[in-house]
Amino acid sequence: MTPATAAAPVRLGFATLLVASIAAFLAAASADGAGGSWSSYLAPSAACPGADNPAAAPTAQRRAVGCLVNWARRQDRRVSLAHPAALQRAAALKGRGVASCGVLTHAPCGSDPTASLRASGYRYSSFGENLFIGAWGEVTPRDVVATWLQSPAHRANILRSGFRDLGAALVRGPGLLGDADAAVWVATFASPR
């Protein structure tokens with residue numbers, strides 16, 4: 001099965017007004033890093049421990065995604081993102097929502113796209129979100145970030161100059177891909193208030 005992704009940048013005050021498709025379109029129209037080839041943003045194999053191991057512990061895979069994202073940002077002369085615990089919780093909450101509702105969406109089960117941020121206690125001025133779903137135990141962190149980098153909307157979230165923080169989560173979605181378990185990835189990008 002081909003992995004699926006979704007991206008949406010959301011600005012404070014517009015979160016409930018924007019649907020994911022409009023947000024993704026806006027991100028693509030003003031993508032940071034639009035001039036470079038996606039592959040120039042992907043770290044070499046040795047740069048991020050655990051990036052090529054789909055069987056690594058989820059904690060190691062989350063660290064690898066953070067490393068890969070920050071490597072891409074450095075290639076575009078952006079500051080590296082910090083990993084506050086509240087934003088990690090927000091990403092995990094969104095991943096669990098996607099897994100339990102069974103649909104790859106920024107608004108699982110019809111929730112507000114910002115609900116996981118509010119529930120985590122992260123006070124944001126702006127945020128963006130990348131989602132990915134693939135087969136559990138078959139997708140590496142490098143696969144996930146490479147897929148996001150190939151998409152202008154996802155790459156825009158990774159490289160957006162205004163973001164300061166990143167929360168990444170890997171959640172198991174039992175039966176989400178039919179008979180197989182899914183790996184649900186969420187990357188939440190934000191700037192604090």
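A residue is called buried here when its relative accessible area is under 20%, exposed when it is over 50%, and partly exposed in between (1.4 Å probe, protein chains only). Helices (H or I, at least four residues) and strands (E, at least two) are DSSP runs, numbered from the N terminus. With those terms in hand, let's walk through the structure.

This is a predicted model, in which local features need pLDDT of at least 70, side-chain atom pairs count only at pLDDT 80 or more, and totals for chains, interfaces and linings use all residues. Residues are numbered from 1 along each chain as its sequence is written, and side-chain values use heavy atoms, with hydrogens and water left out.

Start with confidence. The pLDDT, the predictor's confidence in each residue from 0 to 100, averages 85 over the chain, and 81% of the residues score at least 70. Over residues 9-32, however, the pLDDT is below 50; beyond near neighbours in sequence, that stretch has 40 contacts in the model, a contact being heavy atoms within 4.5 Å.

Now the overall fold. You will find six helices and four strands in the chain, following the pattern β-α-α-α-α-β-α-α-β-β along the sequence. Among contacts with a separation of 6 or more, 76% are between residues 24 or more positions apart. Of the 193 residues in the chain, 50% are buried.

Next, look at the cysteines. Taking a disulfide as a pair of cysteine sulfur atoms within 2.5 Å, the count comes to two. One joins Cys48 to Cys67, with an S to S distance of 2.1 Å. This pair links distant parts of the chain, 19 residues apart: Cys48 sits in the loop between helix 1 (20-29) and helix 2 (58-75), and Cys67 lies in helix 2. The disulfide of Cys48 and Cys67 is left-handed because the torsion about its S-S bond is about -75°. Cys48 counts as buried because its relative accessibility is 2%, whereas Cys67, at 21%, counts as partly exposed.

Cys101 and Cys109 form a disulfide too, with their sulfur atoms 1.4 Å apart. Their link is left-handed, with -115° about the S-S bond. Cys101 is partly exposed at 21% relative accessibility, while Cys109 is exposed, with a relative accessible area of 62%. With the bonded cysteines numbered in sequence order, the pairing reads 1-2, 3-4.
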